[in-house]
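Hi everyone, thanks for coming. Let me put the structure up on the screen, and then I'll talk you through it.

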Number of protein chains: 2
Amino acid sequence: MVFRFGMSVLLFVMISVEICRMAKSETGNHEYTLSSVREALVRQEDTIIFNLIERVKFPINSRTYHQNYASFPAFHGSLVDFVVKNTEAIQAKAGRYQSPEENPFFPENLPPSLMPHYPFSKILHPEAALVNINKSIWKVYFDEMLPLFVASGDDGNYAQTAASDLSLLQAISRRIHYGKFVAEVKFRESPHDYEPLIRARDTEGLMKLLTFASVEEMVKKRVEKKAMVFGQEVSLERDDDDKGNYKVDPSLVSRLYDKWVIPLTKEVEVEYLLRRLD
Amino acid sequence: MVFRFGMSVLLFVMISVEICRMAKSETGNHEYTLSSVREALVRQEDTIIFNLIERVKFPINSRTYHQNYASFPAFHGSLVDFVVKNTEAIQAKAGRYQSPEENPFFPENLPPSLMPHYPFSKILHPEAALVNINKSIWKVYFDEMLPLFVASGDDGNYAQTAASDLSLLQAISRRIHYGKFVAEVKFRESPHDYEPLIRARDTEGLMKLLTFASVEEMVKKRVEKKAMVFGQEVSLERDDDDKGNYKVDPSLVSRLYDKWVIPLTKEVEVEYLLRRLD
């Protein structure tokens with residue numbers, strides 16, 4: 001009798017441990033906390049600046065963006081449209097958009113993932129996780145950001161230019177859509193502050209609650225400093241002679257964050273929160 | 001009579017100017033000199049290190065390389081094979097491999113460029129321009145380089161890992177195959193030194209003629225310094241506190257150049273020269 005009771009307890013403990021293990025693996029290993037989210041945003045600054053430095057290696061190469069320069073069979077659009085749409089399709093099959101941190105620029109007609117299921121974190125609220133402002137990012141990137149950074153000219157490297165645009169667009173988009181995680185962890189920290197504003201659809205109130213001017217100032221200064229560090233000419237001989245000769249203008253990187261990256265991240269945060277109670 | 005003679009001279013001058021303009025555009029605007037080639041190699045160090053820093057953001061993610069983890073219809077190979085082959089096909093259609101600086105990893109069955117002709121420089125000797133050692137680079141990259149740099153672990157970001165591998169592989173491959181331009185400008189500077197060795201198929205003699213130990217030492221030191229600069233944590237508060245905490249180990253970057261990048265570049269140079277008189 002005592003033996004059977006002991007066995008039952010053991011079985012119960014084993015099953016509980018297994019359930020916990022499964023639950024853990026079901027949400028992935030990655031934990032999202034306010035501090036981990038902030039750390040990720042800081043790390044993503046480096047990625048954006050590296051990719052920006054790589055894009056400005058090429059001049060504007062405007063044929064990359066002409067609607068009629070390239071003619072691909074059964075495809076209407078520019079070379080950059082062709083490269084981005086087709087590369088996204090390959091990446092989709094390879095499972096890229098299974099990750100809640102990735103958002104395609106052309107979600108229409110994207111092929112499904114052909115990869116086995118991976119237990120990515122399910123921290124985001126399902127309705128709100130669908131926020132995707134890549135159409136705005138795309139427009140702003142080509143109309144406003146790019147002309148600010150690249151030199152005029154044409155060196156014929158259109159495919160490389162488009163690939164480089166895609167990497168930079170993906171880095172910027174990932175940073176901006178990380179606003180979903182920012183919003184989620186902030187919401188979880190103080191739901192009582194957010195819920196009334198969400199119910200009242202008070203966009204302005206939400207924006208206010210999410211805005212910390214001093215943090216934004218710090219981010220803008222930090223990316224400017226990073227552009228100086230990563231964009232300098234490193235040589236063995238001189239160490240400080242070459243200061244001031246940067247691959248991208250540091251003040252423009254600060255402006256990039258001020259005018260687009262920070263405001264669009266907050267737009268994602270607000271959009272996310274508005275759907276957080278759906 | 002004088003008028004007609006004057007018109008003829010004017011016409012002759014106009015035609016000559018046009019021929020010169022066409023000849024210039026036929027060889028592209030890019031000039032390859034010993035100094036421009038060196039400058040390009042130095043600039044490419046930054047690209048390699050940026051891409052290395054981006055790859056090590058992810059752990060090894062070994063499923064990316066398993067032959068049987070992913071199963072793509074009508075495709076045999078690993079996820080990285082799938083991503084690289086298909087991305088190269090898109091880039092080929094977009095004209096990437098029209099540039100003499102670009103070399104595909106999977107040249108077999110690559111679709112032709114769909115882009116209008118662009119007059120890239122034709123400085124390379126046509127027979128020798130075909131040198132492509134990407135099969136060796138591919139093997140060395142996955143068998144030896146990657147395990148040196150990345151942490152163990154699995155975060156599920158296999159598509160991003162494969163895309164990141166492709167960018168890094170392309171940067172390394174471009175640097176190594178730039179050996180063709182190095183060899184060509186060196187050959188043009190002193191053909192009399194090279195021709196007898198080429199005719200004698202004297203690989204060792206060519207290698208000796210191409211090797212400058214002091215320059216190689218300088219390159220290894222410079223990339224180590226670059227890894228320190230680009231891989232540091234940049235923050236506004238501390239400035240030197242964090243030294244020693246780099247995203248990639250700078251001594252490993254020096255080793256990467258010592259063991260693989262420099263020797264493989266010289267291999268390309270020798271291969272190129274051996275075909276230079278064909």
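Predicted model: local features only at pLDDT ≥ 70, side-chain atom pairs only at ≥ 80, totals over all residues.

Residues are numbered from 1 along each chain as its sequence is written, chains are lettered from A and ligands numbered from 1 in the order in which they are written, and side-chain values use heavy atoms, with hydrogens and water left out.

So, chain A. What does its secondary structure come to? It has 10 helices and 0 strands, where helices (H or I, at least four residues) and strands (E, at least two) are DSSP runs numbered from the N terminus. Of the 278 residues in chain A, 53% count as buried; buried is under 20% relative accessible area, exposed is over 50%, and partly exposed is in between, with a 1.4 Å probe and protein chains only. The accessible surface of chain A is about 13,600 Å², and 57% of that belongs to carbon and sulfur atoms; these areas come from the Shrake-Rupley method with a 1.4 Å probe, and for residues only the protein chains shown count as cover. Among the contacts in chain A with a separation of 6 or more, 78% come from residues 24 or more positions apart, a contact being heavy atoms within 4.5 Å.

Now to the interface. How many residues does each chain bring to the contact? Chain A gives 56 residues and chain B gives 56 residues. Between them the two chains bury about 4,700 Å², with 65% of it on carbon and sulfur atoms; buried area here is the accessible area (1.4 Å probe) that two parts lose on being put together, summed over both. On the chain A side, Ile90(A), Val234(A) and Leu236(A) lose the most area to chain B, together 14% of what that side buries.

Let's turn to the rings. A pair of aromatic rings is described by the distance of the centres and the angle of the planes. The rule here is that rings of Phe, Tyr and Trp (its six-membered ring) pair if their centres lie within 6.5 Å; planes under 30 degrees apart are stacked, over 60 edge-to-face, and the rest tilted. That gives 33 aromatic pairs over all chains. One of them is stacked: Tyr32(A) with Phe181(A), at 4.3 Å centre to centre and 15 degrees between the planes. This pair joins distant parts of the chain, 149 residues apart, with Tyr32(A) in the loop between helix H1 (2-26) and helix H2 (34-55) and Phe181(A) in helix H6 (residues 179-189). Tyr32(A) is buried at 12% relative accessible area, and Phe181(A) is buried at 1%.

Another pair is edge-to-face: Tyr158(A) and Tyr118(B), 6.1 Å centre to centre with 85 degrees between the planes. This one crosses between chains, from helix H5 (residues 158-177) of chain A to the loop between helix H3 (79-93) and helix H4 (134-149) of chain B. Tyr158(A) is buried at 3%, and Tyr118(B) is buried at 14%.

There is also a cluster, in which ring pairs link Tyr65(A), Phe105(A), Phe106(A), Trp138(A), Tyr141(A) and Phe142(A). The charged end of Lys85(A) sits over the ring of Phe106(A), 4.8 Å from its centre; the criterion is NZ of Lys or CZ of Arg within 6 Å of the ring centre and within 35 degrees of the ring normal. In chain B, Lys85(B) lies over the face of Phe106(B), at 4.8 Å from the ring centre.

A polar atom of the Lys226(B) side chain lies 2.9 Å from the backbone oxygen of Val42(B). Leaving out residues up to four places away in sequence, Lys226(B) touches residues including Val234(A), Glu45(B) and Asp46(B).Then Asn103(A), in the loop between helix H3 (79-93) and helix H4 (134-149) of chain A, is buried with a relative accessible area of 12%. Its side chain makes a polar contact with the side chain of Lys180(A) at 2.9 Å; a polar contact is a pair of N or O atoms within 3.5 Å, where within protein one must be able to donate a hydrogen and the other to accept it, and residues adjacent in sequence count only if both atoms are side-chain atoms.
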